[in-house]
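Dear colleague,

Please read them with the model open beside you.

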Amino acid sequence: MQTELSTQLGVEHAVFGFTPFPAVAAAISRAGGFGVLGAVRYTAPDDLRRDLDWIEAHVDGKPYGLDVVMPAKKVEGVSEADVEAMIPEGHRAFVRDTLAKYGVPGLAEGEAAGWRITGWMEQVARGQLDVAFDYPIRLLANALGSPPADVVARAHDRDVLVAALAGSARHARKHKDAGIDVVVAQGYEAGGHTGEIASMVLTPEVVEAVDPLPVLAAGGIGSGRQAAAALALGAQGVWLGSVWLTTSEADLHSPALTRKLLAAGSGDTVRSRALTGKPARQLRTEWTDAWDDPHGPGALPMPLQGLLVAEAVSRIQKHEIDPLLGTPVGQIVGRMNDVRSVRAVFDDLTRGFEEAVDRVNRIAGRSGQ
Ligand SMILES: Cc1cc2nc3c(=O)[nH]c(=O)nc-3n(C[C@H](O)[C@H](O)[C@H](O)COP(=O)(O)O)c2cc1C
């Protein structure tokens, strides 16, 4: 599965894999794709350095990238304490009552409450970049907006390609104007923050809007057939996030969550503001239902919601409270039915891609050409 972009990056297949797990990122690159490590959870630069060192030692010299979150809407100049103070007491009470209703135990003293607001702040992302530019990353991706001009320039000085996620042609055009090199067109089906336009409609719209920039199709891709469809729609590759969550290299820290993912069907996700305050696709749970209930208080805007629920989400995960336990994941979860190695998922995808292309050629009467 080769395209101009995969050739430019020196990878065998134009399969890009977003993952929060270093072991998965390295395995994707080793398998012949392009692993991209999600950096949002690294609020301490030394932790990121440790994991990039690990990737370097395990990636067999193959190229890889990093994904940061620099929201276009900044929370600059506001401390975590300022944001805390903006959270209405009624919302805090709702969190307390919901946790009490399900008997969710607390965290042990000194136990960190998972991710905090700081991972979404530009100064934290800049700290991540200071670390990342010490490593031979080949691509820097940004979620939730175009990266600032100086970041794009810094990346280009180091021959690092810059990518940004877009959920609409309008956003994609903004990225192009900001001087980025690759647009990731992320459809409604995708896990994580998504827009409202399905991949089938979005991919060709974005391809046409940013031509001649290369576009990667994201959202709802988990098989070679879907990868072939994405290339038929004009994409230069595919960008997958959800499918890696149930690989043997992923480190979800929760057997119960893995079981839920394996059992879930493609109708078991919801696009909800419950996690961060912005619509993000995730497993539908009684927790998301509580926030989406029109009779409840409703989610707060980003970054307030993330701060409000950070500790609660950590408690739910730590104690594996089944009805509330969830994670960002896309509709492709319906195909994630067993735990397999990254290599097995990858090989299935590339083999399935060849079969799908052969099939289309047969249908079009082009066999042997
Ligand atoms: C658990 C999870 C966390 C994600 N976090 C981020 C993130 O921090 N930054 C980002 O650019 N995209 C993030 N995404 C979106 C992925 O980069 C990717 O675009 C998306 O998963 C593609 O759709 P798919 O889930 O159907 O494969 C996340 C996706 C998942 C499933």
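Two strands, β3 (64-69) and β9 (237-240), each supply at least two residues of the shell around the ligand, strands being DSSP runs of E with at least two residues and helices runs of H or I with at least four, numbered from the N terminus. This is a predicted model, in which local features need pLDDT of at least 70 and side-chain atom pairs count only at pLDDT 80 or more, whereas totals for chains, interfaces and linings use all residues. Residues are numbered from 1 along each chain as its sequence is written, and side-chain values use heavy atoms, with hydrogens and water left out.

The ligand is surrounded by 17 residues, and the closest are D67, Q186, G220, G241 and S242, where a residue is near if one of its heavy atoms lies within 4 Å. Among the polar contacts (pairs of N or O atoms within 3.5 Å), a side-chain N or O atom of S242 is 2.5 Å from a ligand oxygen, and one in the side chain of D67 is 2.7 Å from an oxygen atom of the ligand. At G191, a backbone N or O atom lies 2.9 Å from a ligand oxygen. Taken alone the ligand exposes 600 Å², of which the protein buries 91%, by the Shrake-Rupley method with a 1.4 Å probe.

As for the second largest pocket, G222, S223, G224, R335 and D348 lie nearest its centre, and α14 gives the most to its lining, with 8 residues. Lining residues have an atom within 4 Å of a point of the pocket, which is an open set on a 1 Å grid over the protein atoms alone, where a 1.4 Å probe fits, with protein on both sides within 12 Å along at least five of seven lines.

Best wishes

How values were computed
Polar contact = N/O pair within 3.5 Å; in protein donor to acceptor, adjacent residues only side chain to side chain.
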